[in-house]
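The following explanation leads a new reader through a protein model. Please keep the sequence and the structure in view while reading.

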Amino acid sequence: MLCAAPVVAQTDTIASPDTVRLDEASVRIKKERYRRKDNPAVELMQRVIAAKGQNDWTARHDYTSVERYTKTSLALNDVSPKLMQARPDRRMPFLHEQVEVCNATGKLILPFTLSETVSRHITRRQPSQECDIVIGQRHTGLEDLFDVGTITAQSLDDIFSEVNIMDDDIRLFQHQITSPLSRRTALSFYHYYIADTLDIDGLRLYDVFFTPANNQDFGFQGSMLIAADSTYQVLRASLSLPRGTGVNWVESLRITQSFGTLPTGEHVLMEDHMVLELRIVEQLQKFLVQRTTRYSQFSTERIASREFRHNGPHTIDANALQRTPDFWQRHRSVALTQGEASIDQFKLRFLNTRGLKPVVWLLRALATNTVPLTLKPGQPSYVDITPVNTIISSNPVDGLRLRLSARTTAELMPHLFLKGYVAYGFRDRKWKGLGEVTYAFNSPLHSPQEFPVHNLSLTYQRDLMAPSDRFLNTDKDNVFTSLKWAKVEHMMYFEQWRLRYEREWKNGFRLAAHLRRQEDSPAGQLRFTPLSADVSQPMADLGSITYSEASLTLAYRPGARYINSKQARHTLNNDAPLYSLTHTMGLRGPLGGQYKYNLTEAQIYRRLHLDSGGTLDIDARGGIQWNRVPFPLLIMPATNLSFIKQRGTFELINNMEFLNDSYASLILDWDLQGKLLNRIPLIHRLKWREYLGLRMLWGTCQAGEAFLAFPENSHIMSPRRPYIEASVGLHNILRVLHVEYVHRFTYNELSTSPRWGIRLRLNLQF
């Protein structure tokens, strides 16, 4: 075990932030043309970047382990004394007790959220692997009253992630930002200036200032203290955002990193401190985020292989959420302020304020799309009415559709979960519904979809759907997707039994298997018309077809992190790649299946970071139906008929327009993040960001119309002629809106689909 020593002498220049608060300094650079050639600052930074390898503590040892304590708090910022004297304060006099002075800014703040995490970061050189093991986790805040406390904690952890200036790319605000020490692009992305040469207790230091070549790019400005010896070690770094940067809602950002010396003489990061001031809406209260991380217990002892096995890059100890106050006293290396320590009591007093409980209950329902069957905010609900946005919707067959849905939570039964809904269509006058029982082998905190899933579920469902509904990322009767750009006339009733087993591992591997029996009946303009060799003898339409199938899916998504809502689980970081393979086998005979078939599909998804050029998402898929099957069992393109943009779908292909027995598709989404617009005078003030998209599909159907005649307006693609559509769009409009123009280039002579369209999406990004 190694203990860290302070970095050189504890002077005012490089002291711990807890003992000395430095005033903000500004460096004024003369307006002259910046040159990289023969620039001593650039030559110095070349040496610093080249020395990163020899200064990397983890790269020098076969095994490393370090304990990290992280404290993140969220507070109302710059609280006005007038606010404390306002009328609401008469009902909440305890607000005065919660207000305190922020040491970092000197402003009055009101802390209302606190997250604490204790983790071990372990690395292994051969084979190369690293892992964060969370051994203690605690969260408290006002958002717990609205059942979004877990979401807040996970979002804060991902958006305001830890920064290490030694990395090539720094992930912050869910963006990849070029580090001033990046081996690839730092020297071209940043301008460097040697501001001063210091001599502190016999140690000579360079004070280097840096700023992006273009202040509108996503980059840092700040300074570094660098040892003026052969190590070129960074001893301290201060980072901020340039004025005019394209980051949303951020008024100011200050990150300070301090490095210390181990007994071996090696330098390591000892503390990372971030202060972030936010203004979401100009007329509303500002917010303050503070995050401090302290590193300790540095070790290079051998680590057992079992600690890396199946854990992936991030894992949580089973007892992390049940740690006692004694545990936090031992591991809390940064003391809580008075306001942070009293958040639990503040939350309770806030809830008990007269007349506030109904308001909290209503906001809780709106925030989670859920109506909890309890009138006491903050008290766990055993049964939830969810999702709320499917209560009323419409479609051509149902007409007006009403639906009531409910599901149990882990508070009722920790392993057994029930969910279901009943729906009624006023045009077809038919009842629909779903019933599902799930046994969770794990012990979820709230719902069975929490990562890592290990579930066995049995589902019965009888309902109405359009074939294209299967590609929606939300419920098919979501009121916001009921408005469509094409009239959906081909629909079907279905009755389904499904047994499904699903298991995930912490390293990102997923296995899913299901056994399903389904009976489909045509609805609307859809018909199941058998084909006959004698075209002069028309055949009567079939009332239904029945098929049974078994399916197996293997998927791998390393590094993925998830956020759980009351309804579903959502991927928190789209940086994680995805590789999946699915094979489905149709069973003739068992369970009444009429067809024997084999369907294989694969998908690869990757996100590429193009430095200052934004991000490029690549989604490639392919599949083949190996047997002759009726058209409902052929492969449809993943199409979206809603005006609301859906990821991974085609925007101008109509319902059942192309039916294939083999296909390949490629979807490219390029978010330029203001690369072009940031360089246009006046326009850059709008902070708009550019988007380009390309979607291509190759497909064919060798079997033609097998068993059943194709629906009207369904076509077979030519394998030599791809379907192509492209998009150009703007997002970050008013900080929340994505608007996209889509144009279709091929197969227009066969289709009733429009050649162009406008798609919208709410898209909140920093």
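This is a predicted model: local features need pLDDT of at least 70, side-chain atom pairs count only at pLDDT 80 or more; totals for chains, interfaces and linings use all residues.

Asn-713 is partly exposed, with a relative accessible area of 40%. Asn-713 lies in the loop that runs between β31 (689–700) and β32 (723–733). Its phi is near 70°, a positive value in a residue other than glycine.

Tyr-747 also has a positive phi, near 60°, and is likewise a residue other than glycine. This tyrosine belongs to the loop between β33 (737–744) and β34 (756–762). Is Tyr-747 buried or exposed? Tyr-747 is buried, its relative accessible area being 2%.

Two peptide bonds of the cis kind may be considered next. One joins Gln-126 and Pro-127, with omega at about -15°. Pro-127 is placed in the loop between β3 (108–124) and β4 (129–141). The other joins Phe-451 and Pro-452, and here omega is about -5°. Pro-452 is situated in the loop between β20 (430–440) and β21 (454–465).

The largest nonpolar core has 67 residues, and within it the most contacts are made by Phe-160, Phe-173, Phe-220 and Leu-253. Which residues does Leu-253 touch, if those up to four places away in sequence are not counted? They are Leu-172, Phe-173, Phe-220, Leu-239, Ser-240, Leu-241, Met-274, Val-275 and Leu-276.

Note on methods. Residues are numbered from 1 along each chain as its sequence is written. Side-chain values use heavy atoms; hydrogens and water are left out. A nonpolar core is a set of buried Ala, Val, Leu, Ile, Met, Phe, Trp, Tyr and Cys residues joined through side-chain atoms within 4.5 Å. Buried means under 20% relative accessible area, exposed over 50%, partly exposed in between (1.4 Å probe, protein chains only). Contact means heavy atoms within 4.5 Å. Helices (H or I, at least four residues) and strands (E, at least two) are DSSP runs, numbered from the N terminus.
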